[in-house]
Amino acid sequence: NMDSLGASGMSAFGNDQKTQVMRQIQQEAAMQNARMLVEKLNEHCFERCVPKPGTSLSKGEESCFTACMDKYMQAWNTVSKQYVARIQKESQQGGMGNTF
């Protein structure tokens, strides 16, 4: 929990180090989200496109699966671009405090 450190705990870092720590936390959170997303997509697209799994995917199942993943990845890219833009805007305003 970031709040338990309090502002006083964080100011012990130099400003640069604080920014680095925040950036690392954000990157790790983003990686975690991406991994979860891919797992969810796999499940969702697999269930949708491969109702009766055999030993291999048919051409139709394969293209369904690919199209399904593409659609979700485009949506994910749009969302993460907006999220990154928001974080950058907030950090330029100096208000990192309210993002968590």
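Trainee: Why is phenylalanine 65 called buried?

Mentor: Its relative accessible area is 17%. Buried means under 20%, exposed over 50%, and partly exposed in between, with a 1.4 Å probe and protein chains only. So phenylalanine 65 counts as buried.

Trainee: What should I keep in mind about the model?

Mentor: It is predicted: local features need pLDDT of at least 70, side-chain atom pairs count only at pLDDT 80 or more, and totals for chains, interfaces and linings use all residues. Residues are numbered from 1 along each chain as its sequence is written, and side-chain values use heavy atoms, with hydrogens and water left out.

Trainee: What does phenylalanine 65 contact, leaving aside neighbours within four places in sequence?

Mentor: Asn42, Cys45, Phe46 and Cys49. Contact means heavy atoms within 4.5 Å.

Trainee: What makes phenylalanine 46 and phenylalanine 65 an aromatic pair, and how are their planes set?

Mentor: The structure holds one aromatic pair. The ring centres of phenylalanine 46 and phenylalanine 65 are 6.2 Å apart and the planes stand at 85°. Rings of Phe, Tyr and Trp (its six-membered ring) pair if their centres lie within 6.5 Å; planes under 30 degrees apart count as stacked, over 60 as edge-to-face and the rest as tilted. So this pair is edge-to-face.

Trainee: Which parts of the chain does the pair tie together?

Mentor: Phenylalanine 46 lies in helix 2 (residues 15–49) and phenylalanine 65 in helix 3 (residues 59–92). So the pair ties together parts that are 19 residues apart in sequence. Helices (H or I, at least four residues) and strands (E, at least two) are DSSP runs, numbered from the N terminus.

Trainee: What makes cysteine 45 and cysteine 68 a disulfide?

Mentor: Their S to S distance is 2.0 Å. A disulfide is a pair of cysteine sulfur atoms within 2.5 Å, so cysteine 45 and cysteine 68 qualify. With -75° about the S-S bond, the link is left-handed. It joins distant parts of the chain: cysteine 45 in helix 2 and cysteine 68 in helix 3, 23 residues apart. Both cysteine 45 and cysteine 68 are buried.

Trainee: Which hand does the disulfide of cysteine 49 and cysteine 64 have?

Mentor: The S to S distance between cysteine 49 and cysteine 64 is 2.0 Å. The torsion about the S-S bond is about -70°, so this disulfide is left-handed. It also links helix 2 to helix 3: cysteine 49 sits in helix 2 and cysteine 64 in helix 3, 15 residues apart.

Trainee: How are cysteine 49 and cysteine 64 classed by accessibility?

Mentor: Cysteine 49 has 6% relative accessibility and counts as buried. Cysteine 64, at 26%, counts as partly exposed.

Trainee: Which residues make up the largest nonpolar core?

Mentor: Seven: Leu41, Cys45, Cys49, Val50, Phe65, Cys68 and Met69. Helix 2 and helix 3 each supply at least two residues of this core. A nonpolar core is a set of buried Ala, Val, Leu, Ile, Met, Phe, Trp, Tyr and Cys residues joined through side-chain atoms within 4.5 Å.

Trainee: What makes lysine 59 and glutamate 62 a salt bridge?

Mentor: The closest N and O atoms are 4.0 Å apart. A salt bridge is a side-chain nitrogen of Lys or Arg within 4 Å of a carboxyl oxygen of Asp or Glu. So lysine 59 and glutamate 62 meet the cut-off. Both lie in helix 3, three residues apart, about one turn of the helix. Lysine 59 is exposed at 67% relative accessibility; glutamate 62 is partly exposed at 37%.

Trainee: How far apart are the N and O atoms of glutamate 90 and arginine 86?

Mentor: 3.4 Å, and their side chains meet in a salt bridge. Being four residues apart in helix 3, glutamate 90 and arginine 86 are separated by about one helical turn.

Trainee: Where is the nearest side chain of opposite charge to glutamate 61?

Mentor: It belongs to lysine 52, 7.1 Å away. Glutamate 61 is buried yet has no salt bridge. Lys and Arg count as positive and Asp and Glu as negative; His and the chain ends are not counted.
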